[in-house]
Amino acid sequence: MNRWAGLAGVALLGVCVLSLGCGGGQANQAAQQGQPAGGGGGRGGRGRGGGQAVPVVVDKAVLKDMPIDVTAIGTVEAYLTVSVRPQVAGPLLEARFKEGDFVHQGQVLFTIDPRPYEADLARAKAALVRDKALAENNRSQAERYKKLLAEGVAPAQQVDQFMSAAEAADATVTSDEAAIRQSQLNLEYCTIAAPIDGYTGKLTVQPGNLVRVSDPLVVINQVSPIYVNFSVPQQNLGDIKKYMANGRLPVTAALPNDTGAPERGTLEFVDNAVDPTTGTIRLRAQFDNQRKRLWPGLFVNTMLRLSDRPNTLVVPAQALSTNQDGQFVYVVKADNTVESRPVATGATIDGQSIVQQGLKAGETVVVDGQLRLVPGARVEVANRGSDDTPTPPAPGAGGAAVAENTGAGQAAGATEGKGQGQEQGRGQGRGRGQGRGQGRGAAQGQGQ
């Protein structure tokens with residue numbers, strides 16, 4: 001019975017020794033990793049790394065001569081538009097051009113059957129010859145009876161009748177001459193020529209059809225020069241009038257989705273009234289359009305340049321951020337920290353925003369990386385040039401980092417030493433336990 005009790009005690013002692021060994025290994029592993037042996041301490045080591053610098057791209061606020069421009073969407077309009085219509089009726093014999101052709105002033109476009117008007121002209125000429133003969137006879141009769149009246153042979157009433165007939169015959173001759181001129185004009189109208197230089201449109205009446213007076217045949221547009229109409233807010237009317245007094249204002253027209261240089265022209269017309277429904281004033285600019293890039297009905301982006309504003313403070317447009325208080329920029333200070341600065345801005349031209357208040361020339365602003373910044377955050381300039389002098393870190397920053405690293409090393413060393421001490425203590429305990437077990441076994445053997 002005592003033998004079995006001794007064996008049970010030895011087994012229990014071995015289990016205790018194994019448990020102490022496993023616990024010491026875990027403590028030693030935790031000490032090497034710089035963490036406490038308990039599992040709850042690992043959560044406290046996860047931080048945001050607030051001491052790290054945020055990489056950003058910067059640029060400087062500079063003074064530049066900025067133009068004062070007014071932009072709007074414009075519509076191209078032909079310089080002249082003529083609807084060609086016949087002035088006489090008749091069958092349309094031919095069209096001597098193709099749709100869309102460029103035609104010159106005086107070029108024959110259409111021919112109408114002239115035969116009826118040639119006959120009218122011949123009839124008018126024949127009537128003139130007849131009436132001239134009658135007029136000559138009436139004039140001779142009137143002169144003869146005037147002599148007879150002087151001799152007292154013919155009565156005065158008869159003389160007056162012949163004189164009236166002669167004058168009526170002269171008036172008939174004058175009327176016949178006018179009818180001839182009208183017939184000649186109608187005959188000329190049978191040939192229709194281009195009234196202006198320009199491009200033709202679609203034919204509305206094809207050859208072979210009977211045309212009537214004033215039926216539209218084709219429309220011709222003159223595109224060189226050409227107009228662009230656009231409207232601007234009424235608030236700009238005062239500035240436009242002021243700068244127009246100094247000379248003609250330049251206007252540019254850029255075609256949509258076109259990479260070429262915009263067309264250049266001048267402002268020619270300001271409407272005499274503001275549109276009360278939209279609050280805008282209508283303007284018109286004239287362009288030479290030598291390259292024929294502007295076409296009637298085309299929508300273009302117009303820019304009216306009023307003047308140039310010298311020494312204007314500008315920053316890149318991407319430097320501006322917006323919050324509930326308005327627009328602001330991040331200004332990089334000498335110690336490489338940022339400051340949130342509210343600004344008042346004006347127009348943005350070619351990617352440069354005019355700053356009216358809040359900045360000074362030469363200050364450095366962040367143009368990329370603002371989303372990761374807060375006021376007071378440290379930054380690292382990613383686009384610093386070779387001529388830029390790096391800003392030294394704030395005093396004490398390096399010493400604090402060294403002290404932090406030294407303290408961490410000391411803590412790790414203390415933890416490692418503590419773990420080794422615990423391991424040695426456990427080894428000694430195991431040795432003592434083995435000694436006690438051997439002593440108990442010897443005692444039991446003597447008892448037996």
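Visitor: What should I keep in mind about numbering and confidence?
Guide: Residues are numbered from 1 along each chain as its sequence is written, and side-chain values use heavy atoms, with hydrogens and water left out. Because this is a predicted model, local features need pLDDT of at least 70 and side-chain atom pairs count only at pLDDT 80 or more, while totals for chains, interfaces and linings use all residues.

Visitor: What is the strand order in the open sheet of 4 strands?
Guide: The order is β6-β5-β3-β8, with antiparallel pairing; strands are DSSP runs of E of at least two residues, helices are runs of H or I of at least four, and both are numbered from the N terminus. Two strands pair if DSSP finds at least two bridges between them.

Visitor: And which are the edge strands?
Guide: They are β6 (191-193) and β8 (210-211), each of which pairs on one side only.

Visitor: How many bridges join β3 to β5?
Guide: Strand β3 (residues 90-95) is joined to strand β5 (residues 108-112) by 3 bridges, and Ala95 stands opposite Phe110 in β5.

Visitor: Changing topic, which residues of the largest nonpolar core touch the most other members?
Guide: Of its 24 residues, these are Phe230, Ile240, Leu267, Leu283 and Leu304. A nonpolar core here is a set of buried Ala, Val, Leu, Ile, Met, Phe, Trp, Tyr and Cys residues joined through side-chain atoms within 4.5 Å, where buried means under 20% relative accessible area, exposed over 50% and partly exposed in between, with a 1.4 Å probe and protein chains only.

Visitor: Which element gives the most to it?
Guide: That is β9, with 5 residues. Apart from this core lies another, of 19 residues, among them Leu92, Ile112, Leu217 and Val218.

Visitor: OK, salt bridges: how many are there?
Guide: The count comes to 15, taking a salt bridge as a side-chain nitrogen of Lys or Arg within 4 Å of a carboxyl oxygen of Asp or Glu. One of them joins the side chains of Arg284 and Glu77 (3.4 Å, N to O), linking strand β12 to strand β2 across 207 residues.

Visitor: Is Glu77 buried, exposed or partly exposed, and why?
Guide: Glu77 counts as partly exposed because its relative accessibility is 29%.

Visitor: What about Arg130 and Asp131?
Guide: Their side chains also meet in a salt bridge (3.3 Å, N to O); Arg130 is exposed, at 51% relative accessibility, whereas Asp131 is buried, with a relative accessible area of 7%.
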